[in-house]
Amino acid sequence: MSDIEKLYEALRKLQEPKGYYFNKDKTKASEVIEALVANKERYGYMSCPCRLASGDRESDRDIICPCAYREADVKEYGTCFCNLYSSEEWNEGKVPHVYVPDRRPPEKVRF
Ligand code: SF4
């Protein structure tokens, strides 16, 4: 089992009881997990791969996976901004798959 697969399994066991399921497209989920691992190596923490991190843990606290916006996004859209974590209904296609807008406040986004 590769490190990515091990992390996939560990996170799955931790998150499913909380009602968060990985995207059933395992290739897509594994790609996001791989990017999370790359960010951990780069910044020292698993910042969201779909957002630009500052490199400062405190400033990026809200986008450390699972981010502060996951709960509201999964509740409203059935999936998080990166489409990594989803509800069972989203995975089963019972809710429409729409674009999830970034909920992060603009003042937190620095370029
Ligand atoms: S959007 Fe999804 S993948 Fe990105 S940090 Fe939030 S929960 Fe993790």
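Me: Which residues does Arg 51 touch, not counting residues up to four places away in sequence?
Reply: This is a predicted model, where local features need pLDDT of at least 70, side-chain atom pairs count only at pLDDT 80 or more, and totals for chains, interfaces and linings use all residues. Residues are numbered from 1 along each chain as its sequence is written, and side-chain values use heavy atoms, with hydrogens and water left out. Arg 51 is placed in the loop between H2 and H3; helices (H or I, at least four residues) and strands (E, at least two) are DSSP runs numbered from the N terminus. Its contacts (heavy atoms within 4.5 Å) are Ile 63, Cys 67, Tyr 69, Phe 81, Asp 102, Arg 103 and Arg 104.

Me: Is Arg 51 buried or exposed?
Reply: Buried means under 20% relative accessible area, exposed over 50%, and partly exposed in between (1.4 Å probe, protein chains only). Arg 51 has 10% relative accessibility, so it counts as buried.

Me: Which residues surround the ligand?
Reply: The shell holds nine nonpolar, no polar and two charged residues. Here Ala, Val, Leu, Ile, Met, Phe, Trp, Tyr, Cys and Pro are nonpolar, Asp, Glu, Lys and Arg are charged, and the others, Gly among them, are polar. A residue belongs if one of its heavy atoms lies within 4 Å of the molecule. The residues are Cys 48, Arg 51, Cys 65, Pro 66, Cys 67, Arg 70, Cys 80, Phe 81, Cys 82, Leu 84 and Tyr 85.

Me: What is the omega of the peptide bond from Cys 65 to Pro 66?
Reply: Most peptide bonds are trans. Pro 66 lies in the loop between H3 and H4. The bond from Cys 65 into Pro 66 is cis, with omega near -5°.

Me: How far apart are the end C-alpha atoms of helix H2?
Reply: H2 covers residues 26-43, which makes 18 residues. The expected span is 1.5 Å times one less than the number of residues.

Me: Which residues of H2 are buried?
Reply: An α-helix has 3.6 residues a turn, so residues three or four places apart point the same way. The buried residues of H2 pack against helix H1 (3-15) and strand E1 (21-22). They are Ala 29, Ser 30, Val 32, Ile 33, Leu 36 and Asn 39.

Me: With which residues is Gly 44 in contact, leaving aside its neighbours within four places in sequence?
Reply: Gly 44 follows H2 and has a positive phi, near 95°. Its relative accessible area is 33%, so Gly 44 is partly exposed. Beyond four places in sequence, Gly 44 contacts Asn 39 and Arg 57.

Me: What is the phi of Asn 83?
Reply: Most residues other than glycine have a negative phi. Asn 83 lies in the loop between H4 and strand E2 (85-86). Asn 83 is not a glycine, yet its phi is positive, about 60°.

Me: Which residues does Asn 91 touch, not counting residues up to four places away in sequence?
Reply: Asn 91 is in helix H5 (residues 88-91). Its relative accessibility is 11%, so Asn 91 counts as buried. Asn 91 touches Tyr 21, Phe 22, Asn 23, Lys 24 and Ser 86.

Me: How far apart in space are Arg 61 and Ser 47, C-alpha to C-alpha?
Reply: Arg 61 is in the loop between helix H3 (57-60) and helix H4 (70-77). At 46% relative accessibility, Arg 61 counts as partly exposed. Arg 61 and Ser 47 are 14 residues apart in sequence, and in space their C-alpha atoms are separated by 8.2 Å.
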